[in-house]
Amino acid sequence: MQFFFEVTINGLLSGLMYSLVALGFVLIYKASGVFNFAQGAMVYLAALAVVGLIDLGLPIWAAIVGSFCVMLVMGLATERFVLRKLVNQPPITLFMATIGLTFFLEGLGPLLFGSDVRAINLGIVDEPIVAIMDSTGLIISKFDLFASGTVLLLVTVLALFFQKTKIGRALRAVADDHQAALSLGIPLQHIWAIVWGVAGFVALVAGLLWGSRNGVQFALTMTALKALPVLILGGFTSVPGAIVGGLIIGASEKLAEIYIPPVMQDMFGGNFGGIEGWFPYVFALIFLLFRPEGLFGEKHIDRV
């Protein structure tokens, strides 16, 4: 039973890392209705900017500030030169534009900051917390706990921003109805620019955490694919849904990796390793059959 709790807790902590990437998708989709396929490339670019500026001799805090400026410029440029030109176009057109943006950022990042695999040292060692291990026997990583605390803090700040500030209320109004927001005098293009800037900041935090754990490399672009099952479960328009979906996916994939292969081997024989890579997508596909809008998504009712 202790091992079960250990696997579950570590899965939940890993799931919060997935939630961080999913959060970037949710922010942009809520405000503009655009599924931003470039979110993974934004994570890669942000992490590359940090290590690239560190290579130039900047301290890590200055490199993080500089990377945030890079992401802010990227977000503003995306709104100005991509989204603004495609207002009132079909959703598939906007989606294809974000695919083009993905390839552009994947080429721009290595061109500016190099493509060598490098590590980001945040000063948090990925080792068990001795006090917890001695008292409960559970092996909980310091880095996982730090990353989870960072994600929860970021979500709390964003929730307060959306609920308590004038800009946050404008963002929610735009998310509910673009045309109504425009009729009230809310500048849609400014709101989109702010959202892309915030999504760039979220990508920076994700790039720092994922880059610190796995190194800054092209594989960071694949974090966007990890976020897709999270979005399906939580709903594409819900910030709390991104967190809950991440927790479910993180815990279920770890438990599946441990407990499903022995059962499959007993039934069919052979090797059933690597379940962690595909199980979240199968789980999300089954979930779609019963609740296509996600746990916290808006349910659409067709009227005849």
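Mentor: Let us begin with α10, which has twelve residues and reaches 17 Å from its first C-alpha to its last, close to the 16 Å expected at 1.5 Å a residue. Helices here are DSSP runs of H or I with at least four residues, numbered from the N terminus, and the expected span is 1.5 Å times one less than the number of residues. This is a predicted model, in which local features need pLDDT of at least 70 and side-chain atom pairs count only at pLDDT 80 or more, while totals for chains, interfaces and linings use all residues. Residues are numbered from 1 along each chain as its sequence is written, and side-chain values use heavy atoms, with hydrogens and water left out.

Trainee: How many of the twelve residues of α10 are buried?

Mentor: Buried means under 20% relative accessible area, exposed means over 50%, and partly exposed lies in between, with a 1.4 Å probe and protein chains only. In α10 nine of the twelve residues are buried, so the helix is largely enclosed by the rest of the structure; among them are Thr-223, Ala-227, Val-230 and Leu-231. Just after α10 comes Gly-235, which takes a positive phi of about 105 degrees.

Trainee: At what angle do α1 and α10 pack?

Mentor: Axes are lines fitted to C-alpha atoms, for helices over the stretch in contact, and angles run from 0 to 180 degrees between N-to-C directions. Helix α1 (residues 2-32) packs against α10 at about 80 degrees, with the axes 8 Å apart. Angles under 35 degrees count as roughly parallel, over 145 as roughly antiparallel, 65 to 115 as roughly perpendicular and the rest as oblique, and α1 and α10 are therefore roughly perpendicular.

Trainee: Which residues of α1 meet α10?

Mentor: Contact means heavy atoms within 4.5 Å, and on the α1 side the residues are Tyr-18, Val-21, Ala-22, Phe-25 and Val-26. An α-helix has 3.6 residues a turn, so residues three or four places apart point the same way. The residues of the contact of α1 with α10 divide into nine nonpolar, one polar and one charged, where Ala, Val, Leu, Ile, Met, Phe, Trp, Tyr, Cys and Pro count as nonpolar, Asp, Glu, Lys and Arg as charged, and the others, Gly among them, as polar.

Trainee: How many salt bridges does a search of the whole structure find?

Mentor: Side chains of opposite charge can pair when their charged atoms come close. A salt bridge is a side-chain nitrogen of Lys or Arg within 4 Å of a carboxyl oxygen of Asp or Glu, and the search finds five. In one of them, Glu-253 meets Lys-226 at 3.4 Å, N to O; Glu-253 lies in helix α11 (residues 239-268) and Lys-226 in α10, so the pair ties together parts that are 27 residues apart in sequence.

Trainee: Is Glu-253 buried or exposed?

Mentor: Glu-253 counts as buried, at 0% relative accessibility, whereas Lys-226 is partly exposed, with a relative accessible area of 24%. Another salt bridge joins Glu-127 and Lys-142 at 3.1 Å, N to O. There Glu-127 lies in the loop between α4 and α5 (130-136) and Lys-142 in helix α6 (residues 142-164), so this pair links parts that are 15 residues apart in sequence. Glu-127 counts as partly exposed, at 34% relative accessibility.

How values were computed:
Helix = DSSP H or I, 4+ residues; strand = E, 2+ residues; numbered from the N terminus.
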